Amino acid sequence: MRNYQIMSYLHKCRQLLTLVPRPVGRRYTLYNKDGTSTSRIRLFSSMDRSDEPSEKSGRPFNSAASFRVTDPPNPNWQLRQGLPDHVEPGKSWKAEEEKGWKIWNLSDMSPREVYPLLTSCVVPRPIALVSSTSSDGIPNLAPFSYFSMVAHNPPLLSISFSQSPRKSKDTKENILATKQFTVSIMSEPFIEAANITSVDAPADIDEWDVSGLTRSTSIDVRPPWVKESAIGFECELFHSYEICPPNSGEVTNTLVLGLIKRAHVRESVLTASGTVDPAKLRAVSRLGGDMYARIGEGFELSRPPWKLIRDQVTSESE
């Protein structure tokens, strides 16, 4: 089965994020550009293929933009009030304290046990769809949620790569070798295509072809960015750090800092002030397990200047 047939199958699985107890797996062959087969992958659809209705089936995806701005949870909050436990949501949150806390000693846990705990705790995580090219010119495209903005002066972002016992990440090796990469921000409309690039295919497989995503030529670096993305960053390697566990010389992670050389932002997602409108960007994030999240609601809380609260703070403390 050719790559275009894989994409046809994925089109039929538009509700891939629906959660049901028993995912259905199907195997497909990936092909090199010369037509020779190179590996087989298994694509999972979490949809219930039965025609019978099921109370465990997930709700269909709502394609309408979901973001809206609301008041903050406690618009009447006062200094030193802490958690407002007399009204919701603070009241219910306070009541949950009675269940206590479970404590993990991470030094006694294996990496396999730590991973699901931390990835479900540190949420939501933004996702970098990273495009890179090997020294031999082989393209690579893959998503990473160990990703964040680091600084604006200089403009830096970070990506962390876990070291697999089987093989090193192609993206990491490409960045270290060529010192160049791009980061595209993932949005709802092309999430399935972006997600398929996470397949652990051999290095000679072109994830661009498998996903059907479109290359957009960069200006300052060789790797392209994703045209379907509303935001693309052209980056150069700023620093890389090898990370080892305490009292161990084994490298388990590599942290990469990328210097953002150029930013491409769709005009359609920009506000009048030149910033990005989250309602139009429709960015997705990672939660624990296989779960993704969309941005639902937002609220504004300004950073209070000290001069505005100084008298109240000092007078109440006397």
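The legends below describe close-up views of a predicted model.

Residues are numbered from 1 along each chain as its sequence is written, and side-chain values use heavy atoms, with hydrogens and water left out. Local features need pLDDT of at least 70 and side-chain atom pairs count only at pLDDT 80 or more, while totals for chains, interfaces and linings use all residues.

**Figure 1. Overview of the protein chain.** The secondary structure comes to eight helices and 16 strands; helices (H or I, at least four residues) and strands (E, at least two) are DSSP runs, numbered from the N terminus. Of the 318 residues, 35% count as buried, where buried means under 20% relative accessible area, exposed over 50%, and partly exposed in between (1.4 Å probe, protein chains only). The chain exposes about 20300 Å², of which carbon and sulfur atoms supply 52%; accessible areas come from the Shrake-Rupley method with a 1.4 Å probe, and for residues only the protein chains shown count as cover. Among contacts with a separation of 6 or more, 63% are between residues 24 or more positions apart. Contact means heavy atoms within 4.5 Å.

Figure 2. Strand 12 and strand 13 are joined by 12 bridges, and Gly232 stands opposite His264 in strand 13. Seven bridges join strand 8 to strand 13, with Ser162 opposite Asn253 in strand 13. Strand 5 and strand 6 run antiparallel and share six bridges; the partner of Ser132 in strand 6 is Asn140.

**Figure 3. The largest nonpolar core.** This core has 22 residues, and those with the most contacts inside it are Val130, Leu157, Ile159, Phe181, Val183 and Phe233. A nonpolar core is a set of buried Ala, Val, Leu, Ile, Met, Phe, Trp, Tyr and Cys residues joined through side-chain atoms within 4.5 Å. Two or more residues each come from strand 5 (128-133), strand 6 (139-144), strand 8, strand 9 (180-185), strand 12 (231-243) and strand 13 (253-265). Strand 12 gives the most, with four residues. Leaving aside neighbours within four places in sequence, Val183 is in contact with residues including Val130, Phe147, Leu157, Ile159 and Phe233.

Figure 4. The buried residues of helix 4 are Asp170, Thr171, Lys172, Asn174 and Ile175. After helix 4 comes Lys179, with a positive phi near 65°.

**Figure 5. Ser168 and its polar contacts.** Ser168 is found in the loop between strand 8 (155-162) and helix 4 (170-178). With a relative accessible area of 19%, Ser168 counts as buried. The side chain of Ser168 makes a polar contact of 3.0 Å with that of Lys172 and one of 2.6 Å with that of Glu173. A polar contact is a pair of N or O atoms within 3.5 Å; within protein, one must be able to donate a hydrogen and the other to accept it, and residues adjacent in sequence count only if both atoms are side-chain atoms. Neighbours within four places in sequence aside, Ser168 is in contact with Gln163 and Glu173.

**Figure 6. Gln312 in helix 8.** Gln312 is found in helix 8 (residues 306-317) and is partly exposed, with a relative accessible area of 33%. Gln312 touches Leu79 and Arg80, not counting residues up to four places away in sequence. The C-alpha atoms of Gln312 and Leu79 are separated by 8.5 Å, although the two residues are 233 residues apart along the chain.

Figure 7. The order is 4-14-15, with antiparallel pairing. Strand 4 (125-126) and strand 15 (292-294) stand at the edges, each with a single partner strand. Strand 14 (residues 284-286) pairs with strand 15 over three bridges, and Ser285 has Ala293 in strand 15 as its bridge partner.

Notes: Two strands pair if DSSP finds at least two bridges between them.
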